[in-house]
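Biologist: Can you walk me through this one? I'd like to go over it piece by piece.

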Amino acid sequence: MTMAFAIDEINKNPNLLPNVTLGYSLYDNCGALLVGLSGALSLASGREKQFLLQENCLGSPPVLGIVGDHYSTFSIAMSSVLGLFKMPMVSYFATCSCLSDRQRFPTFFRTIPNDAFQVSAMIEILKHFGWTWVGLLVSDDDYGLHVARSFQSDLVDAGRGCLAYLEVLPWDSDLGELRRIVHLMKTSTARVVIVFAHEIHMLQLMEEVVRQNVTGLQWMASEALATAPVLQTPHLMPYLGGTLGIAIRRGEIPGLRDFLLQIRPDQNDNYENNLVRQFWEYIFQCKFDPAGWLEGGGALCTGQENIEHVETEFLDVSDLRPEYNVYKAVYALAYALNDILQCEPGRGPFSGHSCATLQTLEPWQLVHYFQKVNFTTSFGDEVSFDENGDALPIYDVMNWMWLPDGKTIVQNVGEVRKSAFKGEQLTLDEEKIYWNFESKEPPRSVCSESCPPGTRIARRKGEPVCCYDCISCSDGKISNTTNSMECISCPEDFWSNTQRDHCVPKKTEFLSYYEPLGICLTTTSLLGTFICAIVLGIFTYHRRTPMVRANNSELSFLLLVSLKLCFLCSLLFIGRPRVWTCQLRHAAFGISFVLCVSCILVKTMVVLAVFNASKPGGGSILKWFGAGQQRGTVLALTCIQAAISSAWLVSSSPVPHKNTQYHNDKIVYECAVGSTIGFAVLLGYIGVLAILSFLLAFLARNLPDNFNEAKLITFSMLIFCAVWVAFVPAYVNSPGKYADAVEVFAILASSFGLLVALFGPKCYIILLRPERNTKKAIMGRATTKL
């Protein structure tokens, strides 16, 4: 009747198909493929006997298109045949995605979205509520089996979930099979069940669900079930309450109810009127044929009964869904035909730019224009077809609300539509959704809980991808999103935090002025410098005394200055390494110590020269050890070290280096020596001078000791060599800042050893035993010794 209304409305519209009257024939497929296919073949082949000639028509009225069929399986069979005749077929309810195959079904169109979009819409709802572990029940036909394949591939490919089980519902009432399926649903951890089936399958299934009392499931229904009244009964609603369904887009058809109210049976004996008479007898519980009265009595139908006062779903036009698709299908055919008639000769789409004419119109010409149909219904929905003959996809999201009084309301809680640019778009009004659970909240349906940031997914062997374990990221790696497949490594200067969910800058380590070790070494260095300054002050103040003037006071002053430099150069090893400190620290250290050891070496040589000069014939040797020669020797020996340092700095200069080898979570700032050979030559040169000084002093240790420094030098050089011999292995085996600490300790220990051994006894005599700081005392002591 919706189709009849649409054609009547088109025929009355002066702007659509003017001067053309549309007609139609109705066929009932009786739920049998053979009947439906026979009717379609009769229409396509033009052998239909019921067509009547009209006065203004020439020949039999042409059949240009077919609206139908309802079932996907029937549409597949019919479209396969009608495609051979190039006849357009527009279905209002066949959703199988296989019908979008233009190679097999070149003339098939539909005004209902295909199952591929229905599956996408379902997946969008699953994604919205975080349901990743679901069961799927399908019917044993093209509709269900194609959906099963599509659902399996799309759900996994989109990475949005897994099927806990996939079961095919039997056509016959196989209680054993139904009992097995329901038991599987009952024992599965999946709390969401999706059903793509027909009403008869669902009724059989729900009877078994009631018998086994399977509650606590969230049902999701396909468009075939989303608005099915037969399932919305008090018997089933305790189990099906809260069902979410994908429904055909609801529409409004103004004037349809008034058109239905005009229906009256007449005296014609045709198929259409027979259907009306049967309907009339059912509604008013009467009979047109008195012979058919029931034994208990009955009324005679007059055909004038007022149908408006009868409560019947037939007049309920508030929820038009398949009917709205029929309405759009008829209008699509009309608009395609109208476009044909609007063609201007010489500008047509066919050979020679010709146009089709009403008298010679062929169905394949209508197919060409059908592909370009684009109009908007009075309800505001745009109707057009893509290259596969599919309409613009849009679905309503329905929710079954179970009221306390036992009634059921199927309410619209959102919609899913497809955009060319944004893909599937889901809009939900969650406040309106009724949940059939005690918590009144959506259920949880996952195989494994989401892995939080800081962990990664570890698949369980032999199980679906939604079943996994959460493994913490290893050191230095993080995951900052939920359900990360892999942990990512932190950048070079960063490390993972305790939670492993973000990278933090690595701790930096160097010998700092602010840590206890650095404070102690700095304090010791400054203390040594201060002591050197005090000793220098004492020697300066008593510079004219015999104790200071003995053994070349000038070298003593130079030795004190070099020791002060040795103490101060240790400060270059403390603090964050920089280019200038790395380059200066070893050069200053090497030159300072060479200056110090050179002074000691020259002092030792002077002692030996003076002793040898006291022997007969040895006076000439002193001319080689005058003040100028002593200064020149110290300068020459120091310049050699300066040259070594300069060559090292020029060829391969020490530079700051961020070392990550000692600790993964720390950056150790250190000075890379650059050239190991340069560093070894610098230390080796100091060692050669120290050993030479030690040997000479050792040889002179037993000389007369009227202020003979040979013993003091021997002892100081012994300390010096012992410190630096121990330094090498300690330095090599100390990591990071401790290597610098070892070097600073060696510098300070050797400097203090020299300072105390060489100047301690002299300061003791100068300050505490002034009576011994006289030339007479020194000479008298020498006489006694002799």
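**Loop, disulfides, cavity and confidence**

Modeller: L17 lies in the loop between α1 (2-11) and α2 (33-45). Keep in mind that this is a predicted model.

Biologist: What is the phi of L17 near?

Modeller: Phi of L17 is near 55°. That is a positive value in a residue other than glycine.

Biologist: And is L17 buried or exposed?

Modeller: L17 counts as buried, at 2% relative accessibility.

Biologist: Which loop holds N19?

Modeller: N19 sits in the loop between α1 and α2. Its phi is near 65°, again a positive value in a residue other than glycine.

Biologist: Is N19 buried or exposed?

Modeller: N19 counts as exposed, with 85% relative accessibility. L17, at 2%, counts as buried.

Biologist: New topic. How many disulfides does the structure hold?

Modeller: There are nine disulfides in the structure. I'll take you through some of them.

Biologist: Start with C162. Which residue does a disulfide join it to?

Modeller: C162 is joined to C466, with an S to S distance of 2.1 Å.

Biologist: What parts does that pair tie together?

Modeller: C162 lies in strand β5 (residues 162-169). C466 is in the loop between β16 (455-459) and β17 (468-472). So the pair ties together parts that are 304 residues apart in sequence.

Biologist: Why is that disulfide right-handed?

Modeller: Because the torsion about the S-S bond of C162 and C466 is about 90°.

Biologist: Are those two cysteines buried or exposed?

Modeller: C162 is buried, with a relative accessible area of 3%. C466 counts as buried too, at 9%.

Biologist: Next pair. What is C473 joined to?

Modeller: A disulfide joins C473 to C487, S to S 2.0 Å. The pair links distant parts of the chain, 14 residues apart. C473 is in the loop between β17 and β18 (477-478), and C487 is in the loop between β18 and β19 (488-489).

Biologist: Left-handed or right-handed, that link of C473 and C487?

Modeller: Left-handed, with -80° about the S-S bond. Both C473 and C487 are buried.

Biologist: And where does C490 go? What is it joined to?

Modeller: C490 pairs with C503 in a disulfide, S to S 2.0 Å. C490 lies in the loop between β19 and β20 (494-496). C503 lies in strand β21 (residues 503-505), and the two are 13 residues apart.

Biologist: What about handedness for C490 and C503?

Modeller: The link of C490 and C503 is left-handed, with -90° about the S-S bond.

Biologist: Which cysteine is in no disulfide?

Modeller: C569 is in no disulfide. The nearest cysteine sulfur belongs to C566 and is 5.5 Å away. A disulfide needs the sulfur atoms within 2.5 Å.

Biologist: Is C569 buried or exposed?

Modeller: C569 counts as buried, at 3% relative accessibility. C763 also counts as buried, at 12%.

Biologist: Switching to cavities. How many are 30 Å³ or more?

Modeller: The count comes to one cavity of 30 Å³ or more. The largest cavity has a volume of about 40 Å³.

Biologist: What lines the largest cavity?

Modeller: The lining residues are V195, M202, W219, M220, A221, L225, L231, L240, T243 and W400.

Biologist: Which strand gives the most to that lining?

Modeller: Strand β7 (residues 218-221) does, with three residues.

Biologist: How does the lining split by class?

Modeller: The lining of the largest cavity has nine nonpolar residues, one polar and no charged.

Biologist: Last topic, confidence. What does the protein average in pLDDT?

Modeller: The average pLDDT is 83, and 90% of the residues score at least 70.

Biologist: Where does pLDDT stay under 50?

Modeller: Residues 47-55 are one such stretch. The model has ten contacts beyond four places in sequence for residues 47-55. Residues 781-786 also stay under 50, and for them the model has four such contacts.

Key:
Residues are numbered from 1 along each chain as its sequence is written. This is a predicted model: local features need pLDDT of at least 70, side-chain atom pairs count only at pLDDT 80 or more; totals for chains, interfaces and linings use all residues. Side-chain values use heavy atoms; hydrogens and water are left out. On a 1 Å grid over the protein atoms alone, a cavity is a set of points where a 1.4 Å probe fits but cannot get out, and a pocket is an open set with protein on both sides within 12 Å along at least five of seven lines; lining residues have an atom within 4 Å of a point. Grid points are joined across faces, edges and corners, and a volume is the space filled by probe spheres set on the points. Helices (H or I, at least four residues) and strands (E, at least two) are DSSP runs, numbered from the N terminus. Ala, Val, Leu, Ile, Met, Phe, Trp, Tyr, Cys and Pro count as nonpolar, Asp, Glu, Lys and Arg as charged, and the others, Gly among them, as polar. Buried means under 20% relative accessible area, exposed over 50%, partly exposed in between (1.4 Å probe, protein chains only). pLDDT is the predictor's confidence in each residue, from 0 to 100. Contact means heavy atoms within 4.5 Å.
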